[in-house]
Amino acid sequence: MWGYEKKLQYPVKIKNPDPVAAKIIMTQLGGPDGEMGAAARYLNQRYTMPYKECKAILTDIGTEELAHQEMIAAIVYQLTRNLTPEQIKRDGFDAYFVDHTTGIFPQSASGLPFSTAAIQCKGDAITDLFEDLAADAMAL
Amino acid sequence: MTSRENMLQKIREYDFTMMDTGLFLNSHPKDAMALDHFRKAREKYNKAVKEYESKYGVLTMKNMDNNLQWTWIDDPWPWEGADN
């Protein structure tokens, strides 16, 4: 099971809104190699992992990805706080805004909603670990 | 940086040390230096959390011990970018 700690892993304090940056950074939350995908990979791959060292690592890094999700979402949230209608139109945030306002909807930078189609879970230790390496070559 | 932010930053540092050392220990469970590193960070973490929670409120719901009011819900929440 899990518990929540009322703190970010690293503080996020953004003064000025920037919806253009927000749309790009959103992909690190809900894009193909984002934190949600990483957490889904590790926390679901662990069940068929035969080695105790790997069960522990997948559990612990999967948990850490949840903390990363929170930081990325906090960044997007703060980048889109207090936007004026002019900023929303001028900075091209209107397409997102019409569907979600400033809600945090996990998607890629191109607008594809978060999808498990971008991750894999094959039940084979080596195959799954290689898949993790491929994803982590892009993820932070 | 306020004293609250200062204390929380220390907690984050000890927390991160424990987490990363823990990951190393997952694949090196008998490494004496890493075990000692983890233990030292945990001592600092526990002390810092106790001090922080007595002043600024709990970090986890399980540490709530206030019989008068459920302060767990109090703002600010971490993503709000306030002094936390």
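Biologist: Where in chain A does A:Thr101 lie?

Modeller: In this predicted model, A:Thr101 belongs to the loop between H6 and helix H7 (125-136) of chain A.

Biologist: Which other residue has a positive phi without being glycine, and where does A:Asn82 lie?

Modeller: A:Asn82 has a phi near 55 degrees, again a positive value in a residue other than glycine. A:Asn82 is part of the loop between H4 and helix H5 (85-90) of chain A.

Biologist: What makes helix H4 of chain A roughly antiparallel to helix H1 of chain B?

Modeller: Helix H4 (residues 52-79) of chain A packs against helix H1 (residues 3-27) of chain B at an angle of about 160 degrees, and their axes are 8 Å apart. Angles over 145 degrees count as roughly antiparallel, so H4(A) and H1(B) are given that description. Their crossing is left-handed.

Biologist: Which residues of H4(A) and H1(B) meet?

Modeller: From H4(A) come A:Glu53, A:Ala56, A:Ile57, A:Asp60, A:Ile61 and A:Glu64; from H1(B) come B:Met19, B:Gly22, B:Leu23, B:Asn26 and B:Ser27. By type, the residues of this contact are five nonpolar, three polar and three charged.

Biologist: How many residues does each chain give to the contact between chain A and chain B?

Modeller: Chain A contributes 22 residues and chain B contributes 14 residues. On the side of chain B that touches chain A, six are nonpolar, six polar and two charged.

Biologist: How do you know that H1(B) and H2(B) are roughly antiparallel?

Modeller: These helices pack at an angle of about 150 degrees, with axes 8 Å apart. The limit is over 145 degrees, and H1(B) and H2(B) are therefore roughly antiparallel to each other. H1(B) passes H2(B) in a left-handed crossing. The residues of their contact comprise 16 nonpolar, four polar and six charged.

Biologist: What is the span of H2(B) from its first C-alpha to its last, and which of its residues are buried?

Modeller: Helix H2 (residues 32-56) of chain B has 25 residues and reaches 36 Å, close to the 36 Å expected at 1.5 Å a residue. Its buried residues are B:Ala41, B:Val49 and B:Tyr52, and H1 of chain B is included in what covers them. Just after H2(B), B:Gly57 takes a positive phi of about 105 degrees.

Biologist: Why is the peptide bond from B:Asp75 to B:Pro76 called cis?

Modeller: Its omega is near 0 degrees, and the bond is cis. B:Pro76 is in the segment after H2 of chain B. As background, most peptide bonds are trans.

Notes: Residues are numbered from 1 along each chain as its sequence is written. Chains are lettered from A and ligands numbered from 1 in the order in which they are written. This is a predicted model: local features need pLDDT of at least 70, side-chain atom pairs count only at pLDDT 80 or more; totals for chains, interfaces and linings use all residues. Axes are lines fitted to C-alpha atoms, for helices over the stretch in contact, and angles run from 0 to 180 degrees between N-to-C directions. Helices (H or I, at least four residues) and strands (E, at least two) are DSSP runs, numbered from the N terminus. Angles under 35 degrees count as roughly parallel, over 145 as roughly antiparallel, 65 to 115 as roughly perpendicular and the rest as oblique. A crossing is left-handed if the near helix is turned anticlockwise from the far one by less than a right angle, and right-handed if clockwise. Two residues are in contact if their C-beta atoms, placed from the backbone, lie within 7 Å. Ala, Val, Leu, Ile, Met, Phe, Trp, Tyr, Cys and Pro count as nonpolar, Asp, Glu, Lys and Arg as charged, and the others, Gly among them, as polar. The expected span of a helix is 1.5 Å times one less than its number of residues. A residue is buried if 20 or more other C-beta atoms lie within 10 Å of its own, exposed if 12 or fewer, and partly exposed in between; C-beta atoms are placed from the backbone.
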